[in-house]
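Work through the exercises below with the sequence and the model side by side. Each task is followed by a solution in steps.

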Amino acid sequence: MKKSKKYKTFRAIMLSIYLIAAIIPIYWIILTSLKVPSDLYAYPIIYFPKVLTLSNYSYLFSFAHFSIYFKNSLLLSAISSIISTLLSIFSGYALARYNFKLKDLVIGLLFFSQMIPAYLLMVPQYSMFSNLGLINSLTALGILYVNIAAAFSTIMARGFFVRIPRSLEEAAMIDGCSKIGALFRITVPLAMPGIAAIFSFSFINDWNELFTAALFLNSDDKYTIPVALYSFISKAGIQWGVLSAGLVVALIPTIIVFAFMQRFIISGLTQGALKE
Amino acid sequence: MVRLLERRVLHVRRGARSAPLFIFWMILPVILIISIFTFYPTVNGIILAFENYSVFNFSNIHFVGLKNFNKILGDPLFWTALWNTLWWIILSVAFQFVLGFGLALLMREPFKGRGIYAGLVFYPWALSGFAIGILWSWLLNGQFGFVNDILMKLHIISQGVNFLSDPSWAFFSVILVNVWYGIPFFAIMLLAALQSIPEELYESAQIDGAGTFSRFFHVTIPYVSSTIFATLLLRVIWVMNFPDVIYGMTRGGPGGTTNILATYMINIVYYKSDYSLASAVGVFIITILTVYAIFYLQLTSKHGSGEF
């Protein structure tokens, strides 16, 4: 479609408004994390400070053990989201390719699981895990994160697999490929954009999860980043400089994962290339 | 024809009987995990709602009938939270959707630096709701906040507004932040859907003399409608169960004016430690969402749920 010059100007203005609204908060938080304490609460507000400092960041990593939280969060999120993505590939594929008696019930239950508020589950989950002696355990939390992601990932994976022509797999199977072989050699590579989206989505959710982690983790060496950030504000008053630095550090891995994923979305590969 | 032949070959080679077992093993892990860690605790949580389990009463737990539900229905804070939940969902989702769809439409045709632009405008999606809440409570701070300062510099207000502690502003503020947070979700989903629309559809519509609006309503909307229905369904469910932003900003205060059912429930757990009472609120939430989902799916079933 050809677009007029008028439209292009309109688009440029609108895109700029969206951009400003999106980046001002993050600019402000980065600025806050770099300000010296005297500038932080200065009035009138300082927009372009003359002195910048990294002291908030060094505080995070020296006094607040942020490197431990970072490692905990990274391992927990990466492992949980890889497992939930893998499991959703299996279940999503079966739901996309086969018809069976209880299929509608299974899909219905997957949707229903999305409606249950996390706080209804937490007390029963907590007593389950405390009976197993698995409180204050990152493994237990990982299992719960796989559980949180499994249903939605399956629903998404099914959606992506449905769009991939069945004929390609069938051809591979006639050539001697097993069902699992056909899935991983033919279907998964074709659905890679969708699978990347599922993985990123799970990773970001796990990385950011606060309420379950805050309930299940109670010692400093097990904390994840959201729990640590939460502890910064529950103590008397909020140290805005340190908290801002923590927010900035917490943002880095999700931005990397996000950049990786949005390449797939922007390229338009998600759906268009795969029409039967 | 060829595909039919292939299917027959397949049928002969693999044998139709091996499929049920294969399906079973493929689905089993997910079903098992969700059954043990979601549905089993859900049943227990619902049972809890009819008992008297709290931090002050661990030993003498017994069935108390509808006592918890009556207690909640008699709490004015519950009614505020329920009413707020309705507005929270309607306003948040409506503005997230409209602004997100608008952004997707603006971004659908390539322009220079679109990848970088997408990264800069979509990043809120990668932040945690709680972090967003904290971040914005700093921006909206009554004394040192960016928003107040800008509004005063522009002479829109003459003195600082306490966005989060003034009851007449607080609820408006948390909704505004939730809208800001949710725009990228709709933009990403709808952009992906928009990019799959074949260009030929627009060309033939243009030949038929369709104008911009007509093309939008007769080509674009029908093509992405399944994405729209699916994302709206899920978004309403998520936003209802999404206390994170509010918790980062106000914890439901001042005086319960920014409570939605989800934060009301959390506050019962944190401040009263009455787990049975909190579970009763959870049962309300599940009931409302189930009724909504059934109603919604009935209403939209003719459009199919192919997207998900």
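Predicted model: local features only at pLDDT ≥ 70, side-chain atom pairs only at ≥ 80, totals over all residues.

**Exercise 1.** Decide whether B:Thr290 is buried or exposed.

Solution. Step 1: locate the residue; B:Thr290 lies in helix H13 (residues 275-300) of chain B. Helices (H or I, at least four residues) are DSSP runs, numbered from the N terminus. Step 2: apply the cut-offs: a residue is buried if 20 or more other C-beta atoms lie within 10 Å of its own, exposed if 12 or fewer, and partly exposed in between, with C-beta atoms placed from the backbone. Step 3: B:Thr290 has 12 other C-beta atoms within 10 Å, so B:Thr290 is exposed.

Residues are numbered from 1 along each chain as its sequence is written, and chains are lettered from A and ligands numbered from 1 in the order in which they are written.

**Exercise 2.** Find how many residues of helix H6 (residues 129-139) of chain B are buried.

Solution. Step 2: eleven of the eleven residues of H6(B) are buried, and the helix is mostly covered. Step 3: check some of them in the model, including B:Phe130, B:Trp136 and B:Trp138.

**Exercise 3.** Describe how helix H8 (residues 166-174) of chain A and helix H9 (residues 179-190) of chain A cross.

Solution. Step 1: the axes, lines fitted to C-alpha atoms over the stretch in contact, come within 9 Å and cross at roughly 130°. Step 2: that angle makes H8(A) oblique to H9(A), since angles under 35 degrees count as roughly parallel, over 145 as roughly antiparallel, 65 to 115 as roughly perpendicular and the rest as oblique. Step 3: list the contacts (C-beta atoms within 7 Å); A:Leu168, A:Glu169, A:Ala172 and A:Met173 in H8(A) meet residues of H9(A), among them A:Ala182 and A:Ile186.

**Exercise 4.** State how many residues of chain B are in contact with chain A, and which helix of chain B gives the largest share.

Solution. Step 1: 77 residues of chain B are in contact with 78 residues of chain A. Step 2: helix H2 (residues 18-48) of chain B supplies the largest share of chain B's side, 18 residues.

Definitions and conventions
Helix = DSSP H or I, 4+ residues; strand = E, 2+ residues; numbered from the N terminus. Contact = placed C-beta atoms within 7 Å. Axes fitted to C-alpha atoms, helices over the stretch in contact; angles between N-to-C directions.
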